[in-house]
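Let's take a walk through this one, starting with a strand and ending with the charged side chains. Have the viewer open and follow along.

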Amino acid sequence: LVRLPPSDFWVEFRPEHAWGTATMVRVLEHAVNRLALHHPGSPPLLVGDIAREQGGDLPPHRTHGDGRSAAIGQNGWARTVEDLHGGCPRLTPAQLDVERTWAVIEALLATGDVEHILLDQGHIDRLRTWLAESGRKSGAELDRIFPAIASPRLWAMTGIVRHADDHADHLHVRV
């Protein structure tokens, strides 16, 4: 695994868990660079757990052992680790910064390397509504990105941005 390099565009929640595949590191670098370009002055993104240097189980996560999954704090609201006070706060859909959250998701998707992104359904609904009402995405594009919840089993879902419980405070991106 590769160590996530220092950047002015992100804050690492736990540096000892900031190891990912080369693809994951490249995807995160692309996303923060694009966010900085299109939203200058945005606070750095909070990059949470990816994996340990040697990989392996990383409780409570199920898929962070291989360096292909990363947690990204919502809205890039934390400027320093001290801002976290023990973790990301849960956000209601009304608190979601839809423009910046979409900018991060769009930048992640633009890499072509994202398998899926997990997010709370309330946030998905708010993003989907905002994208439709603003004319940024058509119905077909929205359906491709944000699938309807057709199955209670996460692994049986289709689409890219999927609902997952306990993801009202962060995105989970898998490459």
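Which residues point one way from E5, and which the other way? Ser69, Ala71 and Gly73 point one way, Ala70 and Ile72 the other, and all are buried (under 20% relative accessible area with a 1.4 Å probe, protein chains only; exposed is over 50%, and partly exposed lies in between). In a regular strand the side chains alternate between the two faces of the sheet. With 5 of its 5 residues buried, E5 is largely enclosed by the rest of the structure.

Before going further, some ground rules: this is a predicted model, where local features need pLDDT of at least 70 and side-chain atom pairs count only at pLDDT 80 or more, while totals for chains, interfaces and linings use all residues. Residues are numbered from 1 along each chain as its sequence is written, and side-chain values use heavy atoms, with hydrogens and water left out. Helices (H or I, at least four residues) and strands (E, at least two) are DSSP runs, numbered from the N terminus.

Back to E5: this strand runs antiparallel to E8, and 5 bridges join the two (strands pair if DSSP finds at least two bridges between them). Gly73, for instance, has His170 as its bridge partner in E8.

E8 also brings us to the charges. Asp66 and Arg174 form a salt bridge, with the closest N and O atoms 2.9 Å apart (the cut-off is a side-chain nitrogen of Lys or Arg within 4 Å of a carboxyl oxygen of Asp or Glu). This pair links distant parts of the chain, 108 residues apart: Asp66 sits in the loop between strand E4 (45-47) and strand E5 (69-73), and Arg174 is in strand E8 (residues 170-174). Arg174 is buried at 10% relative accessibility, whereas Asp66 is partly exposed at 31%. Both belong to a network of salt bridges that also links Arg68 and Glu115.

Searching the whole structure gives 9 salt bridges. Another of them joins Arg128 and Asp143 at 2.4 Å, N to O. Here Arg128 lies in helix H3 (residues 121-133) and Asp143 in helix H4 (residues 139-145), 15 residues apart. Arg128 is partly exposed at 25%, and so is Asp143 at 47%.

Finally, look at helix H2 (residues 98-110): its 13 residues reach 18 Å from first C-alpha to last, close to the expected 18 Å (1.5 Å times one less than the number of residues). Its buried residues include Trp102, Ile105 and Leu108. After H2 comes Gly112, with a positive phi near 75°.
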